[in-house]
Amino acid sequence: MCGIIGYIGEKNPVDILINGLKSLEYRGYDSAGIALKNNDQIEVIKSIGKIVNLEEKIKNMEVIPSNLGIAHTRWATHGKPSEKNAHPHTIGKITLVHNGIIENAEELREKLKKAGVTFNSETDTEVVAALINKYYEKNPVEAIDKALKEVKGSYALGILFQGDNDLYAVRKDSPLIVGLGKEENFIASDIAAIIDYTNKYILLEEGEIAHITKDKVEVTKDGKVVEKQVHETDLERAAKDKNGYDHYMLKEIMEEPVVLEKTFKPYLEQLDKLPDLTKYEEIHIVACGSAMYAGMIGKTLLEEYANTKVEIDVASEYRYKNIIYDRKTLVILISQSGETADTIAAMRKAKEHNVETLAIVNVKTSTIARESDEKIFIEAGPEIAVATTKAYILQVGIMALLAYKTALEKGLVKEEHKVLEEAEKLPRLIKEVLDRREEYQKIAKEIYTSEDIFFIGRKIDYATSMEGSLKLKEVSYIHSEAYQAGELKHGTISLIEDGMPVFAIVTDETIKDKTVSNIEEVKSRGAKTIIISNETWQNQKLQVVVPKISPYFQPILIVPTLQLIAYETAKLRGCDIDKPKNLAKSVTVE
Ligand code: G6P
């Protein structure tokens, strides 16, 4: 979602800000803007659509010389994507960029209007600018502090003041870091935006205000100076490159064998490094999007093989539900970014009820990683494509190991060595699966002109179907749904028409015969079936067969095939694969 970058230093900020915005593109956006400051002269340039539009606009004009600026990519919430609604916004002496949602914007807007303020956009952001302007006399930090006491909601703000030549930043429930350079400093939504200039940064905590000059950063909270720890990122600049691939999505899928091997290594050497789930009477898994589907695999494995009671919910529901915590419960939060607003809220809800939390997370400095009681880092490295692939595989991998460990501790594993040997083979097997791209291209050709595609499966195969369907619709924009195979005939089967593709995932032997009947039901109504399985099917034209492996790890071989089919289909349809329309990588507003 919205991305922020700001610069203060010796250089002209235009290239730095544009370059930073490009690194934040993956978060999802629909317009972009930049503000340059030279003493009391402020120039704001905005454009809708891609960052190249903004870049072109700037190239064709003479912008003011400057060494201080802020820039923003906007993912519309209040008001449609337009130049007027794009950030930065200026009211009075304040120009700012904002990520987040101001919940009491309307109430504040009415009050400010009555006091004579004129607003120029439909955004909630302008209200914050107006409030800070109201309190600004001489001291920017004081004005920010006073204004934000009246604001409800989430925000990361980069702020410029007329009558002052420094850069200011503040955050609450929305990520923001301060990057530390040599005679230059930055603000950014994440380190990827500034990695070309520095690897050192400080994390702003809730309510902290940063006053930034080119050689000093002072952080205060409630008027008191806060000593901040300087972090160094291990993110390499090269990680931002596509490495010869056409798209980040493809690059990231192809990285799956290597990252899985790295992530599994410490746990396969010593399973005890994983937390003990047998201490709990009940497990809740809470997440959003693909992370939630990774959780569904975890739930199925924990229930089937480790005899463990698991509830699962999407975070946006869980956070508002009446959850009855009457047994010793562990809440597992799964999140690649660690910044998904709903997942953060779900974690905080559990903590308010004194319920223990375990985060399965990628970004180590994220809010979820910092606030959760226990954490397991999935070590995916940076994931740039909006549609998650390698991070999902690692989330599933960790859930599989947790289920296996729990089953082992409960004495429920019969062939202990076999499972671990198979885990070790996984990276090689995934590579084998990924290397068969022609097969996926062939299937993509069969489906890419379809308007609707269904996925069916039972039990764990239903969980993998959910992710296969989501991946396909995210990147190819083909309408797709996943159903429990037995449920299809309760309504949805009426939609099946001649030639309509139906993917059937069939790996679970215990329920295979039932799914076979469901495949026949759709076939006899004209569906074009594509079977994704761990055994060869006679008389079946379209099929993908992956190696058969322990049920704990079977989804890790199935899902890469679905990811590649989604990728190839989107490619045939000419979609913007890495940045699908309307989607955001990191959903930092609820
Ligand atoms: C967005 C992304 C998805 C992701 C979901 C949860 O919708 O586009 O790929 O699965 O958010 O994100 P998280 O960072 O919490 O895993």
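Is Asp222 buried or exposed? Asp222 counts as exposed, because its relative accessibility is 53% and the limit for that class is over 50%. This value, like the others in this report, comes from a predicted model.

## Two residues with positive phi

Asp222 is placed in the loop between strand E13 (217-221) and strand E14 (224-225). Its phi is positive, at about 50°, although Asp222 is not a glycine.

Asn539 also has a positive phi without being a glycine, with a value near 50°. The loop that holds Asn539 runs between strand E24 (528-533) and strand E25 (543-545). With a relative accessibility of 77%, Asn539 counts as exposed.

## Domains of the chain

The domain assignment divides the chain into domain 1 (3-237), domain 2 (241-434) and domain 3 (436-577). Ten residues from domain 1 and ten residues from domain 2 take part in the contact between these two domains. Taken over C-alpha atoms, the centres of domain 1 and domain 2 are 34 Å apart.

Thr123 belongs to the loop between helix H3 (105-114) and helix H4 (125-135). Thr123 counts as buried because its relative accessibility is 1%, where the class requires a value under 20%.

Two polar partners can be named for the side chain of Thr123. The side chain of Ser121 makes a polar contact with that of Thr123 at 2.8 Å. A polar atom of the Thr123 side chain also lies 3.4 Å from the backbone nitrogen of Glu126. When residues up to four places away in sequence are left aside, Thr123 touches Arg74, His78, Asn85, His89 and Arg109.

## Gly116 in the H3-H4 loop

Gly116 is likewise located in the loop between H3 and H4. What is the relative accessible area of Gly116? The value is 54%, so Gly116 is exposed. Along the chain, Gly116 and Lys279 are 163 residues apart, and their C-alpha atoms are separated by 60 Å.

## The cavity

How many cavities of 30 Å³ or more does a search of the whole structure find? The search finds one. The space in this largest cavity amounts to about 70 Å³.

The lining of the largest cavity consists of 13 residues, and those nearest its centre are Arg74, Thr77, His87, Asp124 and Thr125. By class, the lining divides into eight polar, three nonpolar and two charged residues. Arg74, named here in the cavity lining, is also among the residues that Thr123 touches.

## A cis peptide bond at Pro88

His87, another residue of the cavity lining, is joined to Pro88 by a cis peptide bond, with omega about 0°. Pro88 lies in the loop between strand E4 (68-74) and strand E5 (89-91).

## Lys152

Lys152 occupies the loop between helix H5 (140-148) and strand E7 (155-161). The relative accessibility of Lys152 is 52%, and Lys152 therefore counts as exposed. Its contacts, leaving out residues up to four places away in sequence, are with Ile101, Ile102, Glu103 and Asn104.

A distance across the chain can also be given for this residue. The C-alpha atom of Lys152 is separated by 52 Å from that of Gly499, which is 347 residues away along the chain.

## The second largest pocket

The second largest pocket holds about 600 Å³ of space. Its lining has 31 residues, and the closest to the pocket centre are Cys288, Gly289, Ala584, Lys585 and Val587. Helix H8 (289-306), strand E18 (329-335), helix H10 (341-352) and helix H15 (460-476) are the elements that give two or more residues to this lining. H8 gives the most, with four residues.

Which domains each supply at least three residues to the lining of the second largest pocket? They are domain 2 (241-434) and domain 3 (436-577). Sorted by class, the lining of this pocket has 15 nonpolar, eleven polar and five charged residues.

Conventions
Residues are numbered from 1 along each chain as its sequence is written. This is a predicted model: local features need pLDDT of at least 70, side-chain atom pairs count only at pLDDT 80 or more; totals for chains, interfaces and linings use all residues. Side-chain values use heavy atoms; hydrogens and water are left out. Buried means under 20% relative accessible area, exposed over 50%, partly exposed in between (1.4 Å probe, protein chains only). A polar contact is a pair of N or O atoms within 3.5 Å; within protein, one must be able to donate a hydrogen and the other to accept it, and residues adjacent in sequence count only if both atoms are side-chain atoms. Contact means heavy atoms within 4.5 Å. On a 1 Å grid over the protein atoms alone, a cavity is a set of points where a 1.4 Å probe fits but cannot get out, and a pocket is an open set with protein on both sides within 12 Å along at least five of seven lines; lining residues have an atom within 4 Å of a point. Grid points are joined across faces, edges and corners, and a volume is the space filled by probe spheres set on the points. Ala, Val, Leu, Ile, Met, Phe, Trp, Tyr, Cys and Pro count as nonpolar, Asp, Glu, Lys and Arg as charged, and the others, Gly among them, as polar. Domain bounds come from an automatic or database domain assignment.
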